[in-house]
Amino acid sequence: MKTMKCLQCVTKHLAAALSYGKEIMGNHGQGEDLDHRIDMQGELANAEHHLTVLGEQKLRRTISTLRHKMEASNFAIDEHDLELIRKAWLLLQGNNTATPSSTKSGCKSCGKKSTTTVTDGTSVSDGAPPLLDGKIIAITCTGDRPEQFAICLMLMQKQTVKPDKWLIVDDGATPLDTAHLPDYAEYIRREPQENEPDHTLALNLKQAVAQLSFNDKVIFIEDDDYYPADWIERCASGLLEVDLVGCDSRYYQLSENRYKRIVEKKSVLANTALTGFAITYLASILNNLNWDVDMRLWRGYGGSKNNKILEVDGKLHPVGLKMWNTGRPGLTRSWTKRDDFYEDPDRAKLKEWLGDDYTLYENY
């Protein structure tokens, strides 16, 4: 019973913190009678206490980090801060199956009487704003790879969960034929410019990231990579746990019949999905137009992340397909013949990694 009461209390404290946060953002954070900064500070501290009792250490650290950030800035908060609290509240509400009678008794741990009534997981009496899940957004950067993109389109059509929006940024010399794009696709044409870098990933990503919202679940789909049918669904599920998710890298050089699986402390961008503050951090990386976006993202992001959460035994995983005999070549080392890759003369490894979908690549 104590655990259930603490769960109800922590949602109450987070809801109250949201309400005070709205007041502060509305310039009600100053003045003797209207200064809600100490109130918000107290509600977040109480929420941390109950999260400790519940054993929710990851969420407790998130709220604690946010509170210390606010204290250091004298509670100069913005909408991103409130969205983070909303996300925590939503996750906890999803676990709250209490009846109205049990919510009114309060929590013995803090001695406070709850003012929160939970019937269907959506009603909070102290005025917390509704918790809105972001959209599922897929992002593909492409250019002068019509055959690769045609397969990419087929793989997207096979997804068990379709994105709410598929942002396709094209910088090829010849624009992509958009006639067969699904209704959830949004085509963005970025005309190539003189004197731009050879590696245009950051330039293209900036076009897409500018359209993202803080709570969106963002999945990167590379035009020349393989993705299993449950990939978007798996990514969206992983982003309920942490803000940055990924898995191991698997490379296959088609023209060489060579492969390698790479296990490291990061994930390549093609196998990465993100939400929340990870989106904000990605935007800051792109401002510098660095080509090694994935390395900077995974090494530098200090929030919640897990580069193994999408690695699931018994399931297929993305495969970076390199050294095609058609289309614009890539510029990374995986597009060159490497001695540390393994020979696969009968393509047995490709069949293992792609299952029945290996037939999509028989002509390459």
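1. Let me start with a question: which residues lie nearest the centre of the second largest pocket, and how many residues line it? Keep in mind that this is a predicted model. The lining comes to 25 residues, and those nearest the centre are Lys58, Thr62, Leu84, Asp243 and Ser304. The volume of this second largest pocket is about 620 Å³. Two helices, α3 (57-72) and α4 (79-93), each put at least two residues into its lining, and α3 gives the most, with seven. By residue type, the lining splits into 11 nonpolar, six polar and eight charged.

2. Now for the largest pocket, which holds about 1,200 Å³ of space. It is lined by 49 residues, and the closest to its centre are His199, Leu201, Glu222, Lys322 and Thr332. The elements giving two or more residues to this lining are β1, α7, β7 (249-253), α10 (293-300) and β11 (319-322). Here the lining residues are 19 nonpolar, 12 polar and 18 charged.

3. Stepping back to the whole chain: it has 364 residues, and 52% of them are buried. There are 11 helices and 12 strands. If you take the contacts with a separation of 6 or more, 72% are between residues 24 or more positions apart.

4. Seven strands make up an open, mixed sheet, and the order to follow is β3-β2-β1-β4-β9-β6-β10. At the edges are β3 (185-189) and β10 (305-306), each of which pairs on one side only. At the β3 end, β2 (165-170) runs parallel to β3, with five bridges between them. If you want a pair to click on, Ile168 has Tyr187 in β3 as its bridge partner.

5. Two helices lie across that part of the sheet. Helix α6 (146-157) lies across β1 (136-142) and β2, at about 175° to β2. Helix α7 (201-209) lies across β1, β2, β3 and β4 (217-220), and its angle to β1 is about 145°.

6. Is α7 enclosed or open? Seven of its nine residues are buried, so α7 is largely enclosed by the rest of the structure. The buried ones are Leu201, Ala202, Leu203, Asn204, Leu205, Ala208 and Val209. Their cover includes β1, β2 and β4, along with the helices α9 and α10. Leu201 is also one of the residues closest to the centre of the largest pocket.

7. Asn290 counts as buried because its relative accessibility is 17%, and the cut-off for buried is under 20%. Leaving aside residues up to four places away in sequence, Asn290 touches Ala202, Ile285 and Arg296.

8. β7 and β8 form it with four residues between them, and Asn257 in the turn has a positive phi of about 50°. The two strands run antiparallel and are joined by five bridges, with Arg250 opposite Arg261 in β8. β8 (258-262) also pairs with β12 (342-343), antiparallel again, over two bridges. There, Arg258 stands opposite Glu343 in β12. Four of the five residues of β8 are buried, so to speak "mostly covered".

9. Phi is near 65° for Asn195 and near 60° for Arg347. Asn195 is in the loop between β3 and α7, whereas Arg347 is in the loop between β12 and α11 (348-354). Are they buried or exposed? Asn195 counts as exposed, since its relative accessibility is 81%. Arg347 counts as buried, at 14% relative accessibility.

How values were computed:
Residues are numbered from 1 along each chain as its sequence is written. This is a predicted model: local features need pLDDT of at least 70, side-chain atom pairs count only at pLDDT 80 or more; totals for chains, interfaces and linings use all residues. Side-chain values use heavy atoms; hydrogens and water are left out. Two strands pair if DSSP finds at least two bridges between them. Contact means heavy atoms within 4.5 Å. Axes are lines fitted to C-alpha atoms, for helices over the stretch in contact, and angles run from 0 to 180 degrees between N-to-C directions. On a 1 Å grid over the protein atoms alone, a cavity is a set of points where a 1.4 Å probe fits but cannot get out, and a pocket is an open set with protein on both sides within 12 Å along at least five of seven lines; lining residues have an atom within 4 Å of a point. Grid points are joined across faces, edges and corners, and a volume is the space filled by probe spheres set on the points. Ala, Val, Leu, Ile, Met, Phe, Trp, Tyr, Cys and Pro count as nonpolar, Asp, Glu, Lys and Arg as charged, and the others, Gly among them, as polar. Buried means under 20% relative accessible area, exposed over 50%, partly exposed in between (1.4 Å probe, protein chains only).
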